[in-house]
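Please have the sequence and the coordinates open while reading.

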Amino acid sequence: MKTPRSLTLGELLAGAAETPAALASRMVEGVTSDSRVAGRGMAFFAVPGVKVDGAAFGVQALQKGAVAVVSETPGPAGLEGWIVTANVRAALAQAASRMH
């Protein structure tokens, strides 16, 4: 099995989302769409569901040490680490492919 590699947030999201310069050099060691496992070194992809939008758990993921939250909706005003993309599912698929 291939071991995941570390990438900068800018490398991970290139072409999928515009990463602010202040966040682009942060190192990412994994990606997840499950806020329960989001933590240090992880990028959390806030996927909207049928009943709950993953963005509702974005602040929790950042508090647990996630490098960033990637979402289709803006985060709370003034919160660093929230990145908006047009299609979070496509961004997650691209990120997972790049990590592995």
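With which residue does Asp 34 form a salt bridge? The partner is Arg 36, with the closest N and O atoms 3.0 Å apart. This is a predicted model, in which local features need pLDDT of at least 70 and side-chain atom pairs count only at pLDDT 80 or more, while totals for chains, interfaces and linings use all residues. Residues are numbered from 1 along each chain as its sequence is written, and side-chain values use heavy atoms, with hydrogens and water left out.

**Salt bridges**

- A search of the whole structure finds two salt bridges, the term meaning a side-chain nitrogen of Lys or Arg within 4 Å of a carboxyl oxygen of Asp or Glu.
- Buried means under 20% relative accessible area, exposed over 50%, and partly exposed in between (1.4 Å probe, protein chains only).
- Arg 26 and Glu 80 also meet through their side chains in a salt bridge, at 2.4 Å from N to O. Arg 26 lies in the loop between α2 (21-24) and β2 (27-28) and Glu 80 in the loop between β5 and β6 (82-84), so the pair ties together parts that are 54 residues apart in sequence.
- Helices (H or I, at least four residues) and strands (E, at least two) are DSSP runs, numbered from the N terminus.
- Arg 26 is partly exposed, with a relative accessible area of 27%, whereas Glu 80 is exposed, with 52%.

**Nonpolar cores**

- A nonpolar core is a set of buried Ala, Val, Leu, Ile, Met, Phe, Trp, Tyr and Cys residues joined through side-chain atoms within 4.5 Å.
- The largest core has 19 residues, of which Leu 9, Leu 12, Leu 13, Val 31, Phe 45 and Ile 83 touch the most other members.
- At least two residues of this core come from each of α1 (9-13), β4 (42-46), β5 and α4 (88-99); the most come from α4, which gives five.
- Another core, of nine residues, lies apart from this one and includes Ala 38, Phe 44, Ala 55 and Ala 61.

**Ser 71 and Ile 83**

- Ser 71 is in strand β5 (residues 68-71) and counts as buried because its relative accessibility is 0%.
- Leaving out residues up to four places away in sequence, Ser 71 touches Ala 46, Ala 55, Trp 82, Ile 83, Val 84, Thr 85 and Val 88. Contact means heavy atoms within 4.5 Å.
- With that same exclusion, the contacts of Ile 83 include Leu 9, Leu 13, Leu 23, Val 69 and Ser 71.
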